[in-house]
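Have the structure open while you go through them.

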Amino acid sequence: MDSLHHYLFWLIIIFCTTFSILIQENQIIQAHKIATNYHHQHYGSPTNVTKTLYFPNFTPITTTTQPLKLLGNARVSNQNGVVQIPYASSQTVDLTYQVGRAIYSSPIRLFDPLTNTPASFQTTFSFQLSSTDAGPATHSSGGGGLAFVIVPDEFTVGRPGPWLGILNDACNHYKAFAVEFDASHDPELGDPNDNHVGINAGSAVSFKTTILPSSDARVSLHDDSVHRAWIFYDEKSEWIDVFLGLDGDPVPQKPILSSPLNLSPFLQEYMFVGFSASTGNSSEFHNIFSWNFSSVSRAFVWPRTTKICHRNLARQVSKYSANYGMKTYYDPPSSFMVFLAVLGLFSLVSFSLYCNSQPRMMSSMLTSSTTSAHTNVFLENKRRPRPPSQPRRFSLLELCQATRRFSQVEVLASDPRGVLYRGTLRNGCRLGVKRFRSSDVQQYHSLSWSRLEYGGRVLKRIGELTQVSHPSLAPIRGWCFDSAEAIVVYDYYVNGSVEKWLFGLGAIPWTRRVKLIKDVGEALSYFHSKELVHGNVNTSSVFLDLNYGAVLGDYGFVFSRGRDRSSSSSTVMMKKQDVFEFGMLVLEFVAGKKAVDFDRGSGGDINQDHHEMGLLEFALRMKEREEMVKVVDERVLMGIDCADAEEAVRFVEIGLSCCTGESHRRPSMDDVVQLLNKKI
């Protein structure tokens with residue numbers, strides 16, 4: 001008992017000392033937080049960032065010094081020095097359901113994230129809406145008009161018709177602002193008539209409109225006159241004014257539209273400005289003759305400080321300078337480390353007391369611990385530190401927190417085998433987290449697999465995938481598995497998957513589609529050359545990097561004995577399955593439609609009693625009729641970056657050759673890559 005009292009006495013002394021140190025450390029931390037908060041409340045001296053664009057016309061000289069980005073069916077007419085949407089090289093071109101954008105090619109700072117303040121801006125431009133049809137009645141329906149737009153990227157082209165190319169119905173969180181000059185009446189979007197001006201904030205539906213002509217603007221969008229618009233936005237008063245008149249006239253005294261407006265929710269720090277226009281079932285030219293734009297955004301210059309952090313300076317000198325002598329700076333131990341040391345000491349002493357009082361029980365515990373160590377040696381080895389480039393084991397709790405308990409808000413893509421989530425670690429690093437469905441994971445239970453055997457198969461697959469390196473193959477960053485979960489962690493690609501862009505955000509230009517198809521084909525060919533298979537080739541497993549290049553990821557994982565990847569015959573069979581999936585991917589790229597819900601409507605080209613069919617079935621039927629051009633996405637057969645019909649049909653043929661029902665007749669990926677790169 002005396003020995004026990006002695007131990008307890010020293011434990012109390014150590015605990016009290018540690019508690020005192022922690023209180024002092026906490027006071028220092030709180031004081032630092034107060035100073036830090038005070039510092040962050042003072043961003044430094046404010047300054048204004050000004051940007052000015054000046055296009056008196058759109059001649060080659062002007063557009064060279066201030067380049068424009070032309071998307072869809074938009075083009076600069078060198079003959080007239082105007083931007084024209086849509087552009088027609090001859091009168092035989094069908095100008096219905098065309099869409100295009102003309103935007104300044106560099107982003108402009110329009111939002112200060114520190115103060116959550118939008119920029120003030122003003123713009124003026126002269127434009128003309130010229131109908132190619134006879135009679136004013138052609139404007140009454142079908143969509144058509146021009147809009148000044150502020151959009152977050154230089155890649156998206158919205159839908160034609162009443163959407164005016166501003167955005168798509170699938171863009172639920174697409175930050176955009178527009179002032180539309182609409183010459184069509186589309187009640188489904190809330191249009192008051194076929195001659196109005198509206199203000200749009202993150203939607204294709206105007207939150208405020210005015211009918212033309214009005215008491216403040218005796219003009220009409222249907223008179224083929226050249227009009228001039230002035231748009232003024234003031235961030236201090238959060239107010240927007242829109243004026244409209246004839247080109248050459250001064251700014252009218254009264255605006256046609258005025259409204260309070262906070263643009264902060266609809267802006268990123270850098271945005272693109274320009275114009276968007278579209279036509280519906282009637283033809284119309286939208287000409288832009290001149291354009292001026294200027295913006296003033298708030299920024300802060302950080303003040304120069306006279307304080308020096310001597311501790312950080314000494315640490316850096318000690319780390320990087322070999323001439324600093326023998327002095328080496330060491331950080332004092334943090335309160336957390338002190339707490340851990342004391343806790344460890346407390347645990348050691350308690351353990352010693354327990355051993356002295358219960359020697360037999362301790363002996364049995366050591367025996368049990370030795371037995372369980374052999375069982376868990378596989379998993380413990382995976383917890384050792386690893387180089388950053390190698391995948392590591394994540395805990396289920398860590399990934400659950402990163403994905404906000406696998407929230408639906410964080411879902412990036414899904415397929416029959418699992419769901420891909422966006423995850424954010426505590427250090428701010430973003431990841432792609434693929435969580436396999438429980439039905440797949442539970443298969444190994446029915447096969448009487450041990451957890452060790454199951455984990456070994458998963459890690460073997462991950463080990464195979466980490467042995468290959470290719471610019472168009474997504475690296476694996478880690479994994480997590482237990483008796484109920486199987487999760488694989490990838491890099492996060494901020495531009496998302498091709499599925500989002502091809503079927504949601506807007507039309508991908510044809511040249512970009514060709515580049516993406518070739519990137520995926522070369523990556524898959526390289527994969528097969530290493531005697532590996534992908535197992536999950538589809539649009540949701542192809543991601544876009546920062547340069548909008550294709551990155552193939554979301555690899556397939558197999559959890560049953562029936563498909564053993566070690567067998568050479570099985571590998572050949574699964575390679576052919578990869579080829580089939582790649583062929584379907586090519587068809588989806590060319591058609592711009594999903595393979596599973598392809599719908600060509602009830603037109604005359606398809607049986608009236610079979611309105612819906614799969615994309616592959618439709619392509620085969622068009623091949624039999626020698627009308628494969630009907631498989632090609634109509635949006636890529638028009639505009640400046642239009643597809644060559646012969647080249648597009650050739651890609652359809654390549655896709656069909658990969659989708660042959662008899663697997664032994666399908667080409668290898670090496671042959672497919674040669675066909676893709678073959679010059680016509």
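1. Start with the pairing of helix α11 (residues 510-529) and helix α15 (residues 669-677): in this predicted model, the two pack at an angle of about 155°, and their axes are 9 Å apart. Angles over 145 degrees count as roughly antiparallel, so that is the label for α11 and α15. As for handedness, the crossing of α11 past α15 is left-handed.

2. Which residues make the contact between α11 and α15? From α11 you have Ile 517, Lys 518, Gly 521, Glu 522, Leu 524, Ser 525 and His 528. On the α15 side they are Met 669, Asp 670, Val 673, Leu 676 and Asn 677. By type, the residues of this α11–α15 contact come out as five nonpolar, four polar and three charged.

3. A quick check on α11 itself: with 20 residues, the helix reaches 29 Å from first C-alpha to last, close to the 28 Å expected at 1.5 Å a residue.

4. Is Glu 531 buried or exposed? Its relative accessible area is 52%, and the cut-off for exposed is over 50%, so Glu 531 counts as exposed.

5. Asn 116 also deserves a look: this is a residue other than glycine with a positive phi, near 55°. You'll find Asn 116 in the loop between β7 (111-112) and β8 (117-118). At 48% relative accessible area, Asn 116 is partly exposed. For context, most residues other than glycine have a negative phi, and most peptide bonds are trans.

6. On the subject of peptide bonds, please check two cis ones. Going from Ile 85 to Pro 86, the bond is cis, with omega near -5°; Pro 86 sits in the loop between β4 (82-85) and β5 (99-104). The bond from Leu 212 to Pro 213 is cis as well, with omega near -10°, and Pro 213 is in the loop between β13 (208-211) and β14 (227-234).

7. Finally, the chain overall. How many helices and strands does the chain have? There are 15 helices and 26 strands. Of the 680 residues in the chain, 45% are buried. Among contacts with a separation of 6 or more, 67% are between residues 24 or more positions apart.

Technical notes
Residues numbered from 1 in each chain as written. Predicted model: local features only at pLDDT ≥ 70, side-chain atom pairs only at ≥ 80, totals over all residues. Heavy atoms only, no water. Axes fitted to C-alpha atoms, helices over the stretch in contact; angles between N-to-C directions. Helix = DSSP H or I, 4+ residues; strand = E, 2+ residues; numbered from the N terminus. Parallel < 35°, antiparallel > 145°, perpendicular 65-115°, else oblique. Left-handed = near helix turned anticlockwise from the far one by under 90°. Contact = heavy atoms within 4.5 Å. Nonpolar A, V, L, I, M, F, W, Y, C, P; charged D, E, K, R; others polar. Expected span 1.5 Å × (residues − 1). Buried < 20%, exposed > 50% of the residue type's maximum accessible area, 1.4 Å probe, protein only.
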